[in-house]
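Q: Hey, I'm new to this one. Can you walk me through it?
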Amino acid sequence: MKLKPSLLEPGENHFSYSSANDKWLGQIADRLSAQGHPAKGPLKARMKVTKLEPDYVFAGELEYSVECTCDRCAEQFVLPISHRFELAFARANKAVSAQDFQEQSDQLDIEWFVGDDIDLLPLFEEQFMLSLPYKTLCRATCKGICQQCGKNLNEGDCGCATAAKDSPFKIIETLKV
Ligand SMILES: [Zn+2]
Ligand SMILES: [Zn+2]
């Protein structure tokens, strides 16, 4: 999916995409699945591009849901994700090498493009990857699973509590005697 900056209106331009209609977003959905994060429902993205020659400011928002496995209790659950990003693009001057652009863009958070094409696929792919949670918990208060019997403690107490009293502190008490 290529965006042609020369075709943009001065000021704000609004775009809306969904993997239900836009094949290139479907490709990103496939990559999310390959990384163990299958999407539940379509990937949706909105983007506002503000043309401020020679720069273009992209403000985007991703909305989708992903199937996750809880890091604590191993239950499957669906996590809704909403992620915003902002990027600036500038037209590269051919006199300067690509490496110089890269060094400048690392410092300034500016992406460079040559010619009249901005490829949206790598841009959005990176943002979808960044939007994935680092740690996934089914709920902030997830109690996890019992280390002894393996029961999901969110579903209730398992009765292993008495065994848990055999903690290292018990041994220390014994040593004191
Ligand atoms: Zn959990
Ligand atoms: Zn237990």
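Q: What is the strand order in the open sheet?
A: The order is β2-β3-β4-β5-β6, five strands with mixed pairing. Helices (H or I, at least four residues) and strands (E, at least two) are DSSP runs, numbered from the N terminus. Strands pair if DSSP finds at least two bridges between them.

Q: Before we go on, what kind of model is this?
A: This is a predicted model: local features need pLDDT of at least 70, side-chain atom pairs count only at pLDDT 80 or more, and totals for chains, interfaces and linings use all residues. Residues are numbered from 1 along each chain as its sequence is written, while chains are lettered from A and ligands numbered from 1 in the order in which they are written.

Q: How many bridges join β3 to β4?
A: Eleven, between residues 39-52 of β3 and 55-69 of β4, and the two strands run antiparallel. They form a hairpin with two residues between them. M47 has G60 in β4 as its bridge partner, and K51 stands opposite Y56.

Q: What about β4 and β5, how many bridges there?
A: 15 bridges, again antiparallel, with β5 covering residues 76-91. This hairpin has six residues between its strands, and A74 in the turn has a positive phi of about 65 degrees. Across the pair, F58 stands opposite L87, and A59 has E86 as its bridge partner.

Q: So is the β5 and β6 pairing parallel or antiparallel?
A: Parallel, over four bridges.

Q: Switching to helices: which strands does α1 lie across?
A: Helix α1 (residues 23-34) lies across β2, β3 and β4, running at about 125 degrees to β3. The twelve residues of α1 should span 16 Å at 1.5 Å a residue, and its end C-alpha atoms are 17 Å apart, which agrees. That expected span is 1.5 Å times one less than the number of residues.

Q: Which residues of α1 are buried?
A: L25, I28 and L32. They cover an arc of only 50 degrees around the axis, which puts them on the same side of α1; the arc is that of the directions from the helix axis to the C-beta atoms. Buried means 20 or more other C-beta atoms within 10 Å of a residue's own, exposed means 12 or fewer, and partly exposed is in between, with C-beta atoms placed from the backbone.

Q: What do those buried residues pack against?
A: β2, β3, β4 and α3 (120-131). Contact means that C-beta atoms, placed from the backbone, lie within 7 Å. The face of α1 turned away from the buried side carries the exposed residues K23 and A34.

Q: Where does G36 sit?
A: Just after α1, with a positive phi of about 90 degrees.

Q: Zooming out, how many helices and strands are in the chain?
A: Five helices and seven strands. Of the 177 residues, 15% count as buried.

Notes: Two residues are in contact if their C-beta atoms, placed from the backbone, lie within 7 Å. Axes are lines fitted to C-alpha atoms, for helices over the stretch in contact, and angles run from 0 to 180 degrees between N-to-C directions.
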